[in-house]
Amino acid sequence: MLAVRRGHVSVIKLFVQRALQTGELVQAAKLIEQYKEECPADLDVSAMETMFDLYSGNVDAALQHALEGVRKYPCNGDLQYNLGCVYEQKEEWFLAWMSYGRALTLYEYCKLKQKIEKLGLKQRMYLCSIKHETGTDSRQHAGYEYWVGKKWGLNERAFRSPEQILGQYYWESVYKKKYAGIYWDHVLTRDYDNNRDLLHIKGEFIKVTEGNEFYVEDGSSDVLLPVASENDNTIHKILHSNHEYQLKQSVSRHFNYYRIPPDSTIYSSGKSYYGRPVLMHQKEGRKKLILNLFVDGLAQCILDGEKFKKRMPFTAAFFEKGTICTRAYSAAEWTYPSIANYATGLYTAHHMLFHNVLDGALPLEYPTLTEYFHEKGYFTSEMTGNWRAIPLHGYGRGCDQYIYQHGTVGFRAQELAGEIVDHIEAFKETNQVLGVCIGDLHDIADGFDMPVSVQSRLDITNYTNEEMGFTSVKQDYSDNKRIWYEKMATRIDALLNMVYQYIERNYKNEDILVSLYADHGQGYLVPQGEHFCSEGRTRVAFMFRGDGVKSQVCNELISTCDYIKIMCRLADIRMKDIKIDGMLPKAFGGEGREYAITESLHPGDPYQAAIYAKDCVFYFRNSFPVQDDGRFYLKDCWVRLADLEGNDLENEELYQKYLSIILGHIVHLCIYD
């Protein structure tokens, strides 16, 4: 499938380039078709077709090919440059500048200074900026300095640095923005001017209407209207049925939620920011509460069998009234790609959020789970400290309220439990969806001190000093870290019990949908000598409870890509007719899957993958490192077929079957030169 005569295809590429440069378009078209027959999945096909259409004067077709190329390979500088050329031809000057800026960032990251100079990239960017400023484009976007500071969206540091971003607009994408307010805090004072960052203070990101007045439409119930003001002591006058109510918003730059009757108008004495009104009424056909608990790094191996009741007794008791899945495999080995697997239902090789340094964004053509809930009419909120899943990455899409503070300083488990209950109580009268990230398990791999409640349960022999490892993902097996990890899971469980008890006392089972899931396991749970994508890293906690959820322990094979389909089925949401990698398991009314792929696509490391099937596991490891655009040479591969106990299997038919699946999965990631 991937066997190509190296050198031969390089010659064809050279001939295509010469034909385009000399204007021999008929010859170029023939050569491109010849190349596509030999290497249909190669990145260069997109580049060839883009430039052919551009030289042919078919700019719209060129744009389509260029966008497809950048979608498949967002970290490839040449494709970003090609997209810039197309936008320039279309006189979309700002978009051309953005694409050239991304190309510049990628070339600089890969140390391709000569290429930057040869293309005259900085000069082209300057000309695009001048033409945009003197043009007629009225679309609003952030200023040039804003995007330069974020490396044109490829390096966002505001969610992990003291950058002052609160009390102003935050641009999630080129033309979409939200107001970044200061989230309510009991120590909030007016003395925060030098602390308006996401380390010191929680931020609340909301799409707003800016102005001095806002009309609440006529309806059947009150609304909660989030309002932030530009200045302290702003007076809001609310007119309703010939009555006037006056409110003073003492502290600026954070949202107050005012309960306002329908058919009312609010007049403000100064510039204010009005969010989407939250309807204080629950509609039929929707759950009253959907709560999604993401526990970063919770491996299923410490919860198997009776260990679940021993280590997380409250979570076990809560979810034993629902479905507990014991063979759910993460599609990726670390947080950044894994969360994108959950959000889109795509494997990493298909959504391409994989780089450990360069940022990306969820593909726009694939709706996220939050967008599905939002379109269904739910009030959607996210409460997180996970800087790998931020609005610039696409996680603000469909989110009415995104609340964030960096996880190492804010939203710790002991704080989150109270925040969850308080948030549910605040929006109890509407149909609400709340997503929560619990990141405390990462403390072990990151080398942080344990909470006192964990320290008090550790024997002195468990305090042996151990190396952290190069990254949290690449740590060696450790008995001590495993013990710390298990104790930390028990601590999280005890804190979550407050949430479980609240739900039990305030909701019927048919009114709720609660999920608890994880993104990956831990390297220090993987015994020495096992494959990188073995179960200690990849088999994760995965459970559901609520209306339509059977009470069962499910041993069915599941991928984390299936989460979006499971949630939409349980919430009675019809998904868009677009193909994803997720499948609906039999336990939830679907046909199930034959196998699940876990893959490691990480720059500088060899591509590795495991195919988990019902009775066996197929392991794959390439020898050549992954490049910064996600591609690699396929060279000196190592493969192994084993049963579930780890014994080698001699089955040529299965061997060829799973090898073919892996090769087909990575065909577009291979370099064909």
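Colleague: Since it's a prediction, what's the average pLDDT of the chain?

Modeller: The protein chain averages 94, and 96% of the residues score at least 70. Over residues 1-5, though, the pLDDT is below 50; that stretch has 13 contacts in the model beyond near neighbours in sequence. Where pLDDT is low, the predicted coordinates should not be read in detail.

Colleague: OK, on to the sheet. What order do the strands come in?

Modeller: There are 11 strands in an open sheet, ordered S1-S2-S3-S15-S14-S16-S11-S17-S18-S12-S19, with mixed pairing. Strand S1 (168-171) and strand S19 (552-554) are the edges, each pairing on one side only. On average, neighbouring strands are turned by 15 degrees against each other, ignoring direction.

Colleague: Which helix packs on that sheet?

Modeller: Helix H20, residues 563-570, packs on the sheet. H20 touches strand S11 (289-295), strand S17 (512-517) and strand S18 (542-546), and its direction makes about 5 degrees with that of S18.

Colleague: Is S18 mostly covered or exposed?

Modeller: Mostly covered: five of its five residues are buried. Phe542, Phe544 and Gly546 point one way from S18, while Met543 and Arg545 point the other way.

Colleague: How does S18 pair with S17 and S12?

Modeller: S17 and S18 run antiparallel, joined by five bridges; Tyr517 stands opposite Phe542 in S18. Strand S12 (residues 323-325) also pairs with S18 in the antiparallel sense, over two bridges, and here Ile324 stands opposite Met543.

Colleague: Switching to the nonpolar cores. Which residues have the most contacts inside the largest one?

Modeller: Leu291, Leu298, Ile503, Leu516 and Phe542, in a core of 106 residues. Helix H18 (residues 479-506) supplies the largest share of that core, 10 residues. There's also a second, separate core of 102 residues, which includes Tyr87, Trp93, Ala331 and Leu601.

Colleague: What is Leu516 in contact with, leaving aside its sequence neighbours?

Modeller: Leaving aside neighbours within four places in sequence, the contacts of Leu516 include Leu293, Val295, Leu298, Phe319, Leu496 and Tyr500. Ala541, Phe542 and Met543 are also among them.

Colleague: New topic: at what angle do H5 and H8 pack?

Modeller: About 35 degrees, with the axes 12 Å apart; H5 is residues 77-89 and H8 is residues 121-133. The crossing of H5 past H8 is left-handed. Tyr81, Cys85 and Glu88 of H5 make the contact with Leu121, Arg124 and Cys128 of H8.

Colleague: I always ask about cysteines. Where does Cys39 lie?

Modeller: In the loop between helix H2 (25-38) and helix H3 (43-56). Cys39 has 0% relative accessibility, so it counts as buried.

Colleague: Last one, Arg311. Which helix is it in, and what is it in contact with?

Modeller: Arg311 is in helix H10, residues 307-311. At 14% relative accessibility, under the 20% cut-off, Arg311 counts as buried. Apart from neighbours within four places in sequence, Arg311 is in contact with Ile302, Glu486, Ala489, Thr490 and Asp493.

Definitions and conventions: Residues are numbered from 1 along each chain as its sequence is written. This is a predicted model: local features need pLDDT of at least 70, side-chain atom pairs count only at pLDDT 80 or more; totals for chains, interfaces and linings use all residues. Side-chain values use heavy atoms; hydrogens and water are left out. pLDDT is the predictor's confidence in each residue, from 0 to 100. Contact means heavy atoms within 4.5 Å. A nonpolar core is a set of buried Ala, Val, Leu, Ile, Met, Phe, Trp, Tyr and Cys residues joined through side-chain atoms within 4.5 Å. Buried means under 20% relative accessible area, exposed over 50%, partly exposed in between (1.4 Å probe, protein chains only). Helices (H or I, at least four residues) and strands (E, at least two) are DSSP runs, numbered from the N terminus. Two strands pair if DSSP finds at least two bridges between them. Axes are lines fitted to C-alpha atoms, for helices over the stretch in contact, and angles run from 0 to 180 degrees between N-to-C directions. A crossing is left-handed if the near helix is turned anticlockwise from the far one by less than a right angle, and right-handed if clockwise.
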